[in-house]
Structure formats: C-alpha cells, structure tokens
Amino acid sequence: MQIQINTDNHIDGHEALQSRVEGMIEQFLGHHYQNLTRIEAYLSDANAAKPGEMDKQCALEARPRGADALAAS
C-alpha cells in the first residue's frame with residue numbers, strides 16, 4: 001500500500017512529519033491496511049495568518065481494492 005502526504009504552502013512537509021503521519025495511519029488501520037491500495041492525506045492550515053494549533057485540518061482519501069475511493073476530514 002502506498003501512503004501519500006500532501007501539505008498546503010503553510011505546512012512544512014518535512015521528512016519527520018511524513019514519517020509521523022505514515023506511522024499514525026498504519027497504526028490506526030491495523031489489519032485493514034492490507035485491503036487498501038493507497039491512502040492520501042491532505043494537511044492544511046485553515047488560518048495560516050493567525051497563530052495557533054486548533055486551525056489545522058486533515059482530509060484522508062482511502063482507495064480500497066476493487067471499490068470506490070472513500071474520503072473523510
């Protein structure tokens with residue numbers, strides 16, 4: 001399975017962030033991991049002009065084998 005991490009221009013998508021997000025996704029999926037071909041994560045900062053941690057957003061798109069993609073945010 002492939003995990004793709006996308007960030008907006010306000011979030012630094014450095015290697016440590018990539019590894020952390022991949023680890024969280026793999027841990028959360030558990031045994032369902034094998035039933036997916038790809039997961040895409042879209043990380044964004046809704047209020048980039050203002051400081052704070054409560055304005056971050058994550059949208060996920062999962063692509064199960066032989067089925068339509070599923071999305072959540």
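View 1. Helix 1 (15-29), strand 2 (36-45), strand 3 (56-64) and strand 4 (70-72) each give at least two residues to the lining of the largest pocket. Helix 1 supplies the largest share, seven residues. Helices here are DSSP runs of H or I with at least four residues, strands are runs of E with at least two, and both are numbered from the N terminus. Please keep in mind that this is a predicted model, where local features need pLDDT of at least 70 and side-chain atom pairs count only at pLDDT 80 or more, while totals for chains, interfaces and linings use all residues. Residues are numbered from 1 along each chain as its sequence is written, and side-chain values use heavy atoms, with hydrogens and water left out.

**View 2. A look into the centre of the largest pocket.** The space in this pocket comes to about 470 Å³. Of its 18 lining residues, M24, I25, F28, C58 and L60 are the closest to the centre. A pocket is an open set of points on a 1 Å grid over the protein atoms alone, where a 1.4 Å probe fits and protein lies on both sides within 12 Å along at least five of seven lines; lining residues have an atom within 4 Å of a point. Grid points are joined across faces, edges and corners, and the volume is the space filled by probe spheres set on the points.

View 3. You can find R63 in strand 3. Is R63 buried, exposed or partly exposed? R63 counts as partly exposed because its relative accessibility is 30%; buried means under 20% relative accessible area, exposed over 50%, and partly exposed in between, with a 1.4 Å probe and protein chains only. Leaving aside residues up to four places away in sequence, R63 touches L36, T37, R38, E40 and A69, where a contact means heavy atoms within 4.5 Å. R20 is 43 residues from R63 in sequence, and their C-alpha atoms are 21 Å apart in space.

**View 4. Stepping back to the whole chain.** The protein chain has one helix and four strands, which run β-α-β-β-β from the N terminus on. Its C-alpha trace spans about 40 × 25 × 15 Å along the principal axes. Of the 73 residues, 23% count as buried.
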